[in-house]
Amino acid sequence: MAIVAFDLKDLQKANRSKEKLEDVLTRIGVEVEELSKEEIKVNITPNRPDLLDFVGLSRAIEHFTGARPKDSFYKIENKPALTINATGQIKSVRPFIAGMIVKNANLSGNRLKYLINFTEKFAETYGRKRKKIAIGVHNLSAIEGNLTYEAAKEGKITPLGSKKSMAFDRVMKEHAKGVTYQDTVPNYGSKSVLYPVLKDEKKTIALIPITNCEETKVTEKTKDLFIDITSTSQISIRNSAAVIACSFLYAGAEVHPVGITYDRQGEEIPKLEYQEVKVAMNRAERTIGIITGRHNVIDLANRMGYTAAKYGPNVLFYVPPYRIDVLDEQDIVEDIAIAYGYDRIIPLAISGVSVGMSNEATDYENKLASAMVGLGYTEAINSILTNEEMNFKNMRTTSKQKDYAMIAESKTNAITMLRTVILPGILQDLSASANATMPQRIFEIGRTFTVKNGKIKESKRLAIASEHAKADFSEIKSVVEAILRYMEGSYKIENDNDATFIQGRCARVTLDGKVSAVFGEVHPEVLRNFGIEEPVVAAEIILKEE
């Protein structure tokens with residue numbers, strides 16, 4: 001999720017009241033986080049990066065309300081006005097680049113602020129904090145000649161907002177953006193580090209993905225822009241270029257592609273290609289639970305920005321290039337439901353003859369949860385989706401990629417893997433309720449996932465945490481022993497050196513000869529990583545493994 005702020009007056013067009021605007025945003029799936037007399041803050045979901053942009057959000061509102069029911073087809077007919085030569089070495093650092101020239105751009109009023117905010121939010125979310133995507137916006141008139149994209153061991157740039165030229169390594173150590181995004185440069189800190197840079201014929205215009213140069217700085221008076229997009233993924237860079245190009249075209253600017261040369265092989269980006277999706281009427285109506293007819297479906301499609309037409313018993317949808325979230329017909333059906341209005345769909349009871357009942361494992365977990373409540377703990381339920389920083393780094397542990405399940409083409413850096421332990425989620429819960437009355441005692445029973453021999457292995461675990469000023473090893477040991485007696489079996493408690501816990505105040509449990517739990521006093525560094533101020537004792541117990 002990303003929170004984006006806009007001046008209310010910029011979105012209140014055609015005498016649209018605050019209440020009407022909030023209603024429209026809610027209906028198209030945009031949560032209003034805050035609404036004041038002058039400003040509106042909205043929460044944009046990761047699947048719609050096009051809505052991070054002021055133009056993109058305005059476009060969605062205008063389509064939905066019928067203020068602009070149809071777009072002309074997005075297309076770029078201009079020929080490349082600039083070329084970028086990507087050299088061989090860049091392949092090992094940040095291999096892909098795209099660019100476009102935008103002429104007659106309108107950056108007056110708040111438009112420049114919105115453009116900068118959009119590129120920043122886009123790179124933070126869809127671009128995974130600039131690791132996958134980074135965007136640079138330049139004044140075209142300050143660029144001299146064609147461009148070279150290369151990997152350089154050293155060099156100089158005048159960073160944006162600075163008056164002095166700085167060496168690349170000094171930018172990384174002293175410039176605010178350099179310090180923040182050090183981890184986006186492969187092998188940074190080693191002698192073999194190579195910096196991705198974009199140069200014109202006389203200077204370095206961008207140290208990627210850190211900063212642009214001051215010489216190409218954009219102002220409200222700038223009319224002609226050069227935009228560079230760099231990435232580690234070819235699909236992502238094409239998607240990003242399409243979103244940005246469509247935004248400028250919708251706003252009335254001219255977009256010119258840029259020729260990219262990779263080892264003598266050339267291509268032009270952006271390419272605005274429409275995806276064609278056929279949806280059977282009976283499937284759409286059956287899935288949503290309504291009867292609309294093809295004419296109404298086409299009208300609903302227009303309200304969501306699609307162009308649609310009858311195609312035999314089906315409806316043919318043309319998905320605009322900026323809708324990079326649309327994968328197949330199910331996404332189209334969902335948008336039809338949104339345009340129709342979920343509040344207008346009448347819910348029906350599910351028919352069936354099956355009788356539901358809990359299984360033995362569920363009964364066991366329920367009894368264990370009741371026992372934890374009896375010990376004074378409150379149950380928490382967290383997502384099985386997490387990220388490497390929270391699951392490993394914050395817990396002072398490490399793991400190889402082959403040992404955990406990663407999420408392919410994740411839309412946000414907050415969700416990149418399946419959790420291997422439950423405790424990080426519990427500690428995050430404690431951090432989020434730091435102002436609550438102490439002591440805080442919570443538990444969670446849930447699933448964790450690891451990869452062994454190329455196959456995902458699932459286990460059921462119990463995680464426990466207690467936070468208060470006098471939390472100590474004896475407290476968590478007594479709780480763990482109570483649970484072990486409930487689990488039955490022969491167990492043994494031994495000293496352990498798990499990095500998550502304080503050395504000498506950590507133990508492991510072997511139950512029937514297998515390591516089944518670890519517990520102790522949580523290490524101060526782990527507490528700092530989660531922003532927890534009081535001492536915490538915790539445990540994680542394996543209940544069942546595949």
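## Cavities and pockets

The lining of the second largest cavity consists of Met1, Ala2, Ile44, Thr45, Pro46, Pro49, Leu52, Thr125, Tyr126 and Lys411. The model is a predicted one. Sorted by class, these lining residues are seven nonpolar, two polar and one charged. The space inside the second largest cavity is about 50 Å³. In total, three cavities of 30 Å³ or more are counted.

The largest cavity holds about 100 Å³ of space. Its lining is made up of 13 residues, and those closest to the centre are Arg48, Ala60, Arg303, Met304 and Arg323. By class, the lining of the largest cavity has five nonpolar, three polar and five charged residues. Helix α3 (residues 54–65) gives the largest share of this lining, with four residues.

| Pocket | Volume | Lining residues | Nearest the centre |
|---|---|---|---|
| Largest pocket | about 860 Å³ | 22 residues | Arg128, Lys131, Glu388, Asn413 and Thr416 |
| Second largest pocket | about 710 Å³ | 31 residues | Thr420, Val421, Arg461, Asp498 and Ile542 |

For the second largest pocket, the elements that each supply two or more lining residues are β22 (440–452), β23 (455–467), β25 (501–511), β26 (514–522) and β27 (536–545). The lining of the second largest pocket splits into 10 nonpolar, 10 polar and 11 charged residues.

The lining of the largest pocket contains five nonpolar, seven polar and 10 charged residues. Domain 2 (83–269) and domain 4 (360–545) each provide at least three residues to the lining of the largest pocket.

## Asparagine 43

One residue is taken up separately here. Asparagine 43 belongs to strand β3 (residues 39–44). Is asparagine 43 buried or exposed? Its relative accessible area is 10%, and because buried means under 20%, asparagine 43 counts as buried.

Which side chain makes a polar contact with that of asparagine 43? The partner is glutamate 33, and the contact between the two side chains is 3.3 Å. Leaving aside residues up to four places away in sequence, asparagine 43 touches Met1, Ala2, Ile3, Val30, Glu31 and Glu33. Met1 and Ala2, which are among these contacts of asparagine 43, are also among the residues that line the second largest cavity.

Methods
Residues are numbered from 1 along each chain as its sequence is written. This is a predicted model: local features need pLDDT of at least 70, side-chain atom pairs count only at pLDDT 80 or more; totals for chains, interfaces and linings use all residues. Side-chain values use heavy atoms; hydrogens and water are left out. On a 1 Å grid over the protein atoms alone, a cavity is a set of points where a 1.4 Å probe fits but cannot get out, and a pocket is an open set with protein on both sides within 12 Å along at least five of seven lines; lining residues have an atom within 4 Å of a point. Grid points are joined across faces, edges and corners, and a volume is the space filled by probe spheres set on the points. Ala, Val, Leu, Ile, Met, Phe, Trp, Tyr, Cys and Pro count as nonpolar, Asp, Glu, Lys and Arg as charged, and the others, Gly among them, as polar. Buried means under 20% relative accessible area, exposed over 50%, partly exposed in between (1.4 Å probe, protein chains only). A polar contact is a pair of N or O atoms within 3.5 Å; within protein, one must be able to donate a hydrogen and the other to accept it, and residues adjacent in sequence count only if both atoms are side-chain atoms. Contact means heavy atoms within 4.5 Å. Domain bounds come from an automatic or database domain assignment.
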